[in-house]
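Trainee: I would like to learn how to read a structure one feature at a time. Can we go through one together?

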Amino acid sequence: MSLDMKPKKSALHQLTKSLLRNYRKGVRPVRNWTQSTMVYIDFITQSILEVDGQNQKVTLSVWYRQIWNDEFLVWDPAEFDGINEISLSFDAIWVPDIIISEFVDVGSSPDMPYVYVNSSGTIKNYKPIQVVSACSLEIYAFPFDRQNCTLTFRSWLHTVNEVNLALWRSLEDVANDKSAFMNEGEWELITVPSRYEQLHIDTRDYAQIQFNVVIRRRPLLYVVSLLIPSLFLMIVDVMSFYLPPNSGTRITFKTSILLGYTLFRVNISNELPATAIKTPLIATRRFTSNPSRFANSTLVRLADYLLTGYKRGVRPVRDWRTPTTVSIDLMVYAILSVDEKNQVLTTYIWYRQQWKDEFLVWDPKEFDDVKQTSILTSNLWVPDILINEFVDVGKSPDIPYVYVGNDGEVRNYKPIQVVTACSLDIYNFPFDVQTCPLTFMSWLHTIKDINISLLRSPEEVMFDKSVFMNQGEWELLHVLSAYSDFSIDGNDHYAEMKFSVVIRRRPLFYTVSLLLPSIFLMVMDIVGFFLPPDSGERVSFKITLLLGYSVFLIIVSDTLPATAIGTPLIGVYFVVCMALLVISLTETILIVRLVHKQDLQPRVPEWVKYLVLERATALFCIRNKHKFGPLHPKEVDVTQYKENNINSAKLNFFCCENPKHREKPMGMALPLRENTPVVDSILHEISSIRQYLEKRDEYREIAKEWLQVGYVLDVLLFRVYLVAVLAYSITLGTLWSVWQYAE
């Protein structure tokens with residue numbers, strides 16, 4: 001290879017070396033600090049990856065374009081072999097801190113390490129990104145719902161006077177561009193309207209551009225898999241009214257439909273979702289490349305002044321006895337996850353901390369009246385403030401800059417995803433209120449070196465819900481704050497600021513999918529007592545309910561939260577309901593055993609008659625206690641009289657048919673000697689028949705007595721069962737109501 005072909009001799013190498021020589025990536029690339037950097041952004045939706053209705057977040061794949069002008073990266077193409085455009089490393093130049101305000105998680109995006117730089121200083125940063133953002137999803141109209149999810153792009157640190165935003169294309173082009181959208185999924189892209197606005201926070205104005213991604217669900221899948229099966233079950237239920245009303249088949253049929261619909265409802269619970277202005281093209285300016293291209297930049301000169309000789313590893317105080325006071329603030333943006341089993345809470349917060357750096361002060365008059373500037377965080381001393389309950393690294397956007405005021409005040413504002421340990425008490429699920437602490441402290445420095453204070457008053461922190469995404473499963477009640485100092489060994493004391501995030505679960509989803517099906521099955525079990533106790537339909541009915549409830553418990557077991565040391569009260573409620581169904585079935589079997597007719601049953605003991613038929617009926621006001629008792633004695637005599645007359649008639653008929661006695665009266669024929677064996681045989685047969693009938697009547701009377709006892713016991717046990725179910729339900733309902741409105 002010749003010397004002319006070596007990399008050091010190439011025009012690209014020479015141009016890159018010339019551009020990055022003395023370049024300050026931590027300084028905003030403008031010569032006049034009062035001039036804002038205009039960042040043009042563009043947005044194209046490629047696909048809708050996931051819409052999480054329960055956690056109120058959406059995952060999108062978008063093509064993102066970001067364009068701005070860097071006044072320090074300009075050159076004359078004629079001096080570099082006609083090169084008009086070059087790619088530079090993303091990490092080597094200044095990049096605006098544009099983030100998405102609704103960001104809640106880091107998506108899986110490909111790494112794009114380069115940007116294009118034009119000879120006029122225009123930088124093009126094009127990259128595909130996966131966006132996981134919070135979205136207020138309204139699922140009431142599911143599966144015919146439309147969702148409107150906002151993606152707000154803004155600079156997290158720089159005000160509108162330093163970083164301004166504009167659209168790269170017109171509003172109409174952005175709204176109607178579906179060229180790259182993958183249109184074969186569950187969601188259909190309707191439009192992407194956008195608008196520019198300025199956000200006012202703490203006396204400062206920030207530029208932002210909001211894209212509204214309007215999508216519509218394609219309902220065909222859910223109509224076929226959810227609505228049509230439900231309609232079929234309802235039609236079959238209507239058709240069941242054509243069955244004979246006195247047939248036990250109708251009860252069995254409707255019970256099977258109820259069981260099937262309950263299982264259908266539980267199975268589909270996982271499928272149901274427990275919420276700018278037109279801008280001109282960028283104007284380019286051409287500057288010739290020369291070694292003094294940074295000379296007129298006030299910000300570069302100020303950065304050199306501040307960072308020359310700066311020691312980022314030394315606490316920035318002139319008197320070592322002076323502690324550095326770090327003022328912190330916290331605003332909860334979203335509750336991302338509550339893991340009851342592992343006792344872990346994942347939140348997304350907006351975190352702010354301020355402190356005084358005595359080495360970063362300057363006189364604004366000496367620097368063109370600059371009173372604040374942004375500097376790379378990696379170049380400064382930063383307090384080692386961390387969260388004591390930290391258990392895992394969250395996925396947070398990188399904010400590389402901090403603001404520094406001319407008086408040395410450093411402002412470090414950033415959104416962070418916090419994964420912390422929290423003692424979660426799930427006994428009151430789904431009406432539970434959780435309190436999770438976030439304790440900020442310096443891990444190394446004692447209170448003599450670093451002290452902590454609140455940036456705002458405790459009242460303002462407590463009731464600030466201005467940025468909270470309030471459409472998810474959890475509702476933010478308030479954020480308590482308390483300052484304290486503690487000592488580990490009795491010698492060194494440490495300062496800490498504890499924020500207690502108090503959240504409450506919204507129970508509607510679990511009430512509909514867990515409590516109501518259970519209540520319906522219990523109501524049907526109570527209604528089953530109105531079936532006749534001597535009917536076999538009651539036993540089959542209750543067995544079907546018990547089977548349905550068992551399957552219901554198996555299906556919902558994964559929905560209930562669990563810890564190693566306890567179970568929620570609703571789990572105990574389900575177990576008790578199961579036990580009540582078993583008791584109900586046992587009582588039904590006992591009553592059926594009592595009232596079922598058997599020829600070998602003994603008579604009802606007198607003490608049972610006294611306790612059940614006399615005392616119990618009077619005590620519990622059970623009416624018609626003789627309804628199923630033995631017949632009145634007169635009625636028995638009349639019946640026996642009729643039966644005797646019938647037997648006598650049969651005997652006369654027999655005698656009349658006998659040729660020997662056809663012409664003789666019956667009374668005269670009986671004393672005849674030759675007829676005595678026949679008459680004795682007839683009388684013996686008649687006596688046997690009468691004894692059989694008397695025995696049968698006796699068995700009937702015994703069966704009717706047991707039937708009466710069974711009916712009385714059935715009413716008695718039903719009332720006891722009903723009182724137990726009502727008392728249990730009222731107690732739990734009262735507890736859950738109190739927990740629901742407790743703070």
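Mentor: We can begin with a single residue. This is a predicted model. Arg204 lies in strand β12, which covers residues 204–217.

Trainee: Is Arg204 buried, partly exposed or exposed?

Mentor: Buried means under 20% relative accessible area, and exposed means over 50%. Arg204 has a relative accessibility of 21%, so Arg204 counts as partly exposed.

Trainee: Which residues is Arg204 in contact with, apart from its neighbours in sequence?

Mentor: Leaving aside residues within four places in sequence, Arg204 is in contact with Thr159, Leu199 and Arg411. Take Thr159: Arg204 and Thr159 are 45 residues apart along the chain, and their C-alpha atoms are separated by 6.6 Å.

Trainee: Now the disulfides. How many does the structure hold?

Mentor: A disulfide is read from the distance between two cysteine sulfur atoms, with a cut-off of 2.5 Å. The structure holds two disulfides. One of them joins Cys135 to Cys149, with 2.0 Å from S to S. The angle about this S-S bond is -85 degrees, and the link of Cys135 and Cys149 is left-handed.

Trainee: Which parts of the chain does the pair Cys135 and Cys149 tie together?

Mentor: Cys135 lies in the loop between β7 (122–134) and β8 (146–155), while Cys149 lies in strand β8, so the pair ties together parts that are 14 residues apart in sequence. Cys135 is buried at a relative accessible area of 2%, and Cys149 is buried at 3%.

Trainee: Which cysteines form the other disulfide?

Mentor: Cys422 and Cys436 do, with their sulfur atoms 2.0 Å apart. The link of Cys422 and Cys436 is left-handed, with -85 degrees about the S-S bond. Cys422 lies in the loop between β19 (409–421) and β20 (433–442) and Cys436 in strand β20, so this pair also ties together parts 14 residues apart in sequence. Cys422 and Cys436 are buried.

Trainee: What pattern do the disulfides follow along the chain?

Mentor: Count the bonded cysteines along the chain, and the pattern is 1-2, 3-4.

Trainee: Next, peptide bonds. Where are cis bonds found?

Mentor: A cis peptide bond joins Phe142 and Pro143, with omega about 0 degrees, and Pro143 is in the loop between β7 and β8. The bond from Phe429 to Pro430 is cis as well, with omega near 0 degrees. Pro430 is in the loop between β19 and β20.

Trainee: And phi? Which residues have a positive phi although they are not glycine?

Mentor: Asp81 has a positive phi of about 55 degrees and is not a glycine. Asp81 lies in the loop between β2 (57–69) and β3 (85–89), and at 67% relative accessibility Asp81 counts as exposed. Asp368 also has a positive phi of about 55 degrees. Asp368 is in the loop between β14 and β15 and is partly exposed, with a relative accessible area of 43%.

Trainee: Last, helix packing. At what angle do α7 and α8 pack?

Mentor: Two values describe a helix pair: an angle and a distance between axes. Helix α7 (residues 508–527) and helix α8 (residues 537–556) pack at about 170 degrees, and their axes are 10 Å apart. That angle makes α7 roughly antiparallel to α8.

Trainee: Which residues meet there?

Mentor: Residues of α7 including Leu514, Pro517 and Leu521 meet residues of α8 including Phe541, Leu545 and Phe552. The residues of this contact divide into nine nonpolar, two polar and two charged.

Trainee: Which stretches does the record call transmembrane?

Mentor: The unreviewed UniProt entry annotates a "transmembrane region" over several stretches, among them 220–243 and 716–739. Residues 220–243 are 83% helix, with the end C-alpha atoms 34 Å apart. Residues 716–739 are 100% helix, with the end C-alpha atoms 35 Å apart.

Note on methods: Residues are numbered from 1 along each chain as its sequence is written. This is a predicted model: local features need pLDDT of at least 70, side-chain atom pairs count only at pLDDT 80 or more; totals for chains, interfaces and linings use all residues. Side-chain values use heavy atoms; hydrogens and water are left out. UniProt positions are given in the numbering used here, feature names are shortened, and annotations may be inferred rather than shown by experiment. Helices (H or I, at least four residues) and strands (E, at least two) are DSSP runs, numbered from the N terminus. Buried means under 20% relative accessible area, exposed over 50%, partly exposed in between (1.4 Å probe, protein chains only). Axes are lines fitted to C-alpha atoms, for helices over the stretch in contact, and angles run from 0 to 180 degrees between N-to-C directions. Angles under 35 degrees count as roughly parallel, over 145 as roughly antiparallel, 65 to 115 as roughly perpendicular and the rest as oblique. Contact means heavy atoms within 4.5 Å. Ala, Val, Leu, Ile, Met, Phe, Trp, Tyr, Cys and Pro count as nonpolar, Asp, Glu, Lys and Arg as charged, and the others, Gly among them, as polar.
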